[in-house]
Amino acid sequence: LYSFVDALRHPERAYLAAGKRTRTFWLVLLGVAVAIGFVTMFNPLSLFGLLAIVGAAVYLADVRPPLRPVRGGSSDRW
C-alpha cells in the first residue's frame, strides 16, 4: 500500500525524466499488488503474495530512488 501511495505522489513527467516506465504502468502493477495483498493477507507466503511483495520491492528499490531527486525531494532530510 505504501508503494502505491508513493507512486501516486509523483507526476508522470518525473517518471519520464528518470527514464523509468510510465506512471500508469506502475499504478496498475502496484494496484494489482495491493489487491493481491489484501486477498492473501492471512497467507502472505503464497505464490501470489510473494509476487505482490516482489512488485512493491522492485518499485521501492529501483524506481523510487531516481524519482525523488527529479521531483525535488531530498534523500537526506537532516
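**Reading helix packing and aromatic pairs**

Me: The crossing of α1 and α3 is left-handed. What makes a crossing left-handed?

Reply: A crossing is left-handed if the near helix is turned anticlockwise from the far one by less than a right angle, and right-handed if it is turned clockwise. Helices here are DSSP runs of H or I with at least four residues, strands are runs of E with at least two, and both are numbered from the N terminus. This is a predicted model, in which local features need pLDDT of at least 70 and side-chain atom pairs count only at pLDDT 80 or more, while totals for chains, interfaces and linings use all residues. Residues are numbered from 1 along each chain as its sequence is written, and side-chain values use heavy atoms, with hydrogens and water left out.

Me: How many helices and strands are there in the protein chain?

Reply: The protein chain has four helices and zero strands. From the N terminus on, its elements run α-α-α-α.

Me: At what angle do α1 and α3 pack?

Reply: Two packed helices are described by the angle between their axes and the distance between those axes. The axes are lines fitted to C-alpha atoms, for helices over the stretch in contact, and angles run from 0 to 180 degrees between N-to-C directions. Helix α1 (residues 2-9) and helix α3 (residues 23-39) pack at about 160 degrees, and their axes are 9 Å apart. That makes α1 roughly antiparallel to α3 (under 35 degrees is roughly parallel, over 145 roughly antiparallel, 65 to 115 roughly perpendicular, the rest oblique).

Me: Which residues in α1 and α3 meet?

Reply: Contact means heavy atoms within 4.5 Å. From α1, S3, F4, A7 and L8 meet R23, L27, L30, G31 and V34 in α3. The residues of this contact divide into six nonpolar, two polar and one charged. Ala, Val, Leu, Ile, Met, Phe, Trp, Tyr, Cys and Pro count as nonpolar, Asp, Glu, Lys and Arg as charged, and the others, Gly among them, as polar.

Me: How many aromatic pairs are there?

Reply: A pair of aromatic rings is described by the distance of the centres and the angle of the planes. Rings of Phe, Tyr and Trp (its six-membered ring) pair if their centres lie within 6.5 Å; planes under 30 degrees apart count as stacked, over 60 as edge-to-face and the rest as tilted. By this rule there are two aromatic pairs. The rings of F25 and W26 have centres 5.2 Å apart and planes at 85 degrees, so this pair is edge-to-face. W26 and Y59 form a tilted pair, with 5.8 Å centre to centre and 55 degrees between the planes. W26 lies in helix α3 and Y59 in helix α4 (residues 47-71), so the pair ties together parts 33 residues apart in sequence. F25, W26 and Y59 form one aromatic cluster.

Me: Is W26 buried or exposed?

Reply: Buried means under 20% relative accessible area, exposed over 50%, and partly exposed in between (1.4 Å probe, protein chains only). W26 is buried at 7%, and Y59 is buried at 0%. F25, at 30%, counts as partly exposed.
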